[in-house]
Amino acid sequence: MTMTGPALPAGDPLLAPHPGNVRRRRAGGVRRLASHIPWLAAGAVLLFFVLAAAAPGLLAPLDPLAINPAAAFSPPGPGHFLGTDESGRDIYSRIIHGARPSLLIGAAATAVGLALALVLGTMAGFGGKRLDSGVGRILEVLFALPGLLLALVFIALAGPGVGTTVIAVGLTSAPGYARIIRGQIIALRNSPMVEAATVLGRSRSHILAIHILPNALAPIAVLATLGLGQAILWAASLSFLGLGAPPPAPEWGTMLSAGRTYLSLAWWMTFFPGLTIVLVAAAATVLSRSLKFRGTR
Amino acid sequence: MTHARPLATKLIPAAAALAAAMVLAGCTPGTTTPDDGGAAGTPVTGGTLVYASGDAEPSCLDPHVGGNYPQALVASQYLETLYTKDSVGKLIPWLAEDSTVSDDGLTRTVKIRDGIKFTDGTALDAAAVKANFEHLLDPATASSTGYLALGKIDSMKAVDARTLELKLKSPDNSLLESFSMPWVAIESPTALKRSQAENCESPVGTGPFKVASWKKQEAVNLVRNDAYVLPVEQAGHARTAHLDAITWRFIPEAATRYAALQSGEVQMIDNAQPDAIATSAKNPAIKHLDAPRPGASNRIELNSSKAPFNDANVREAFIHSVNVNAGIDSLFFGTAKRSYSPLSSVEPLAYSEESLFSNDPAKAGKLLDDAGWSQRDAQGYRVKDGTRLSLTFPVSTSQSIPAEQSLFEQMQATAKDSGIEIKIKLLDLSSWYGELFANNYNLVSAPYTKVGPGVLSILFHSDSTIPAPSGYFANLSQVKDPSLDALLNKAGSTKDEAERKDLYTQAQKKVLEGYYLLPLYNQQNHFLYSEKLKNVGATTAVASPTFFDTWLAK
Amino acid sequence: MSTPTATPPRRRAGPGRSLKWLLGRLGGGIFVLWAVATAIFFGIRMIPGDPAEAIMGGPGSQASAEALAAARAEYGLDQPLFVQYFGQLWRLATGDLGTSYSLKSPVAEVLGELIPPTLLLAGLALLLAWAMALALAVLSTRSGPWGSAIGSGLEIVSAAVPHFWLASVLIMVFSTSLGWFPPVSTNAPAGLVLPVATLALPLAGFLGQVMRDSMEGAQRSPYALSARARGESETGVLLRHSLRHAALPGIALSGWALGSLLSGAVVVETIFARPGLGRSLLQAVTARDIPLVTGVALFSAAAYVVVMALSDLAERVADPRIGTP
């Protein structure tokens, strides 16, 4: 999906622990094995692309930018494992070399969104009633604006580019995260552990730093994993609207969008980058769900 | 697949000034003649043509307001012009009957044809034309293309019902060519008196169709004008158009547009993409109309106002470093032919100089070494005094089709081999203009459609470097050469056709040899249409198709 | 861990609370609309470029200085920014949405034309997404852990498909190759199939994940166990009990789904050449058409406020114990 994710209000139903899933883990041996397959597979997919981002030359020796007009639109086959694009560039190499910018955009956007959300969520959850309702109002406004409108206006404001995409995507995902974090912090604030610390006369900043933030981090890791996939999808949508990474960077969303023009002529130009995005986003979802269940056991 | 030449039609001119029989194209309607090759069978009356445009939906259907190509495309169906072009590209009178100019070139007299009415019943006369020109020159209209075309007019007077006299500030030999553009089309003066909003919704003209309704984002609905009077009479043709109506839709996505044509939902599409044209060549149910636009060729302009392109040798080196032809061959599937001229190939005065534009990296390297760009940095780009040889290239995503953007990427890759960095910035139209007005570019590709070689003055005269209040200026290579200005001034005012040709040739030679531009190809204007649609091919002077002759086979 | 919900924290209901609730909602709604109008006004005014140019036919117009000045005066753009801002707020408060720069017609009229097709598209997509998500959840829950895994996998994958890619593929397969549906959308039933499917599929993936979690939980709940013990059939338990549970979180997500459908409509309406809010939003931002962008934003904000209030109300009606976390 594209637009659905980051605007997820709190994403709560997705991320909330559920007795059913916890119980499944207590089932017999075969089931236990089966329950490990999804996250192992998802982990392998993500690991592969992280490796691609770290050392693309290792996995794809060809130059992702090398043009060869004579070999344009070659279908998948020997020499070009996943075919070539309109300029004769090797699609496989572009996907592998595209891992770095694509994952970086996804990771940076998620980081921006989470950082913003952490500030807002902490203020709301730990800053007293007035601050809470103030932040609540801000979040309400952010939710009421369609995410894409926010992103479009921001990009028009700051001009397209990788940095702008990162901030635009981060901005649209922040309110959802902020709501979850606020809930986390309120729950922790009311926990026996914090009550005990309060009774012992610990300062508020001490409680925040020692008891609350560290415990809020685990769910944030879950959010970050889920957000990574969603941010990549968002960036792809912006590429479709002509607001993505500048050429000739082999960014996945840009490749997908460029290949769309030639769908009837060279399906591989759009199919494989599309498959990559779906794989990574789905793997991130699977992994984040497993992380969550693990955390709540 | 028909390689479009305007439809040849036989006409019997009403005006005595015209030859007894004349081959017309342009917005000229006509009965099929055996030699047109395109249409067989007897025309059928009736049916609705569904046309799908890939251009942005105009905000106003009156092409006087603003004045861009999407407006010209749709307005060509319901508005007509004083002059038009025939099938061999010759300028002929249309709503006008004749025109003469005084010896000093400062007074132009235009005779208006008799017996023609606008679809609101108002009669066409000299006062009506005057009202149109006044409308175009009124700042409140916010005309840009039409306003520029009539810029030399100082004052005007309707001498009698049929005669309009124009006083010019200076001689202008491109005025009749300007009159042939839809942006200067003639509308009902009664309708022009309405508010601009109303006139934008339903402009009133003399054309073979009229605007019935406009549902924004969906379609402009045009219906046949049953009271149509063909300005130049034509033997054997029905008095009115064959089609009952035209539904003018807007489908921005190229793939959707083509799919709609394939599925028979629409019968004609514009902005056909090269790969779709190539694929459809194998499909007998789909035909192709190639109608290159007049005016300038599609070209990349080199901003000579700032470093590094203030050095002519660097401009020359850049041009030799990029490989354009390989990209055109593979990306355009044979639908675009390389140009070596600042003018469109449909302009009779276009001058080409192929030898200047070879892809020669060795020569580029030597020129750059000699110009002081001999060091290389870690990424292999040339540097001089610590500055990288880097070129900023803002690209408008709404003006450059995907194949063209890919071509720019390929140029980027080939320039890199010579140590030149090109930074492509994909921008929406507003931001793109913003970069140009801020002089934030070294390379730029901007289309310019105008009838006649007068476009050279707009693009290369130093006056065109002076920005309009909006910031707009047309001379994007920013050539400021007094000798070129003198050539262009003289070429635009001479009454001697041979001298005009010679002067414009010299001017073109000058800008080509100065390496101010890199010509690519004609401004692409490709249409695909269903073979059920017969007699397609007539176009206006700006190559927008007209459908007076067209009929839909059952 | 508490489960924060999409609605603000609620308090125990009581006499007089209803009026207070209504007033609170109303006040909150007005605040949201004001904030959205303010954000859009200053946001777009900060975008480089002269709004007068947008009025005079967009960028690159060669409008004369007098024409630009006239446009500025007509639209009040020559006044100080804050005067313009309060003028704008006053007009909005009195129900005047202004005139679109690019379309030259009243924004209220434009919205009136564009809202119905978008609502039709979004409404049908929401229904289809619901139906698909429920069907998949029920079918795969009924067929054991492997069925559940497959269903879950399908949901996760379809939730990860970019709209524009899906739309292109659907057109290629169902219009160009099979010829079943037209590629260009109209309000005729056949023309709605592909755009609705494009919007619905990823959404169904999302809703499906949420519903499956609820449903599987409900299937194992004491209620379900006792119903089974009473000899009720597995299907009976599923339909009478678990299905209802599965639907609840889906209803709570409706406000969010609306926003996501509006964002999705930008892409879907552009590809299928469908008139609607999404497509005009994109054009309006590109053309720097402040009144139209403001109008679209206010409409979607208002729709969000109303939907949230309705779903809150629905929950209050359904569950009088409101307030227990």
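Author: Two strands pair if DSSP finds at least two bridges between them; strands (E, at least two residues) and helices (H or I, at least four) are DSSP runs numbered from the N terminus. This is a predicted model, in which local features need pLDDT of at least 70 and side-chain atom pairs count only at pLDDT 80 or more, while totals for chains, interfaces and linings use all residues. Residues are numbered from 1 along each chain as its sequence is written, chains are lettered from A and ligands numbered from 1 in the order in which they are written.

In chain B, 7 strands form an open sheet with mixed pairing. Their order across the sheet is β10-β11-β12-β3-β13-β23-β14. The edges are held by β10 (209-215) and β14 (286-290) of chain B. Each of these two has a single partner strand, so one side of each is left without a neighbour in the sheet. For β10(B), the pairing with β11 (residues 219-224) of chain B is antiparallel and runs over 6 bridges. Within β11(B), V220(B) is the bridge partner of W214(B).

Next comes a helix of the chain. Helix α2 of chain B covers residues 126-137, which is 12 residues. From its first C-alpha to its last, α2 of chain B reaches 17 Å. That is close to the 16 Å expected at 1.5 Å a residue (1.5 Å times one less than the number of residues). The buried residues of α2(B) (20 or more other C-beta atoms within 10 Å of their own, C-beta atoms being placed from the backbone) are A126(B), A128(B), V129(B), A131(B), N132(B), H135(B) and L136(B). Among the elements of chain B that cover these buried residues are the strands β7 (107-112), β8 (153-160) and β9 (163-168). The helices α3 (145-149) and α5 (189-192) of chain B also belong to that cover.

The last topic is the face towards chain A. Here 23 residues of chain B are in contact (C-beta atoms, placed from the backbone, within 7 Å) with 19 residues of chain A. On the chain B side, two or more residues each come from the helices α7 (254-262), α8 (274-280), α10 (325-332) and α12 (402-417), and from the strand β20 (421-427). The most comes from α12(B), with 6 residues. By class, this side of chain B has 9 nonpolar, 9 polar and 5 charged residues (Ala, Val, Leu, Ile, Met, Phe, Trp, Tyr, Cys and Pro count as nonpolar, Asp, Glu, Lys and Arg as charged, and the others, Gly among them, as polar).

How values were computed: Contact = placed C-beta atoms within 7 Å. Buried ≥ 20, exposed ≤ 12 C-beta atoms within 10 Å, placed from the backbone.
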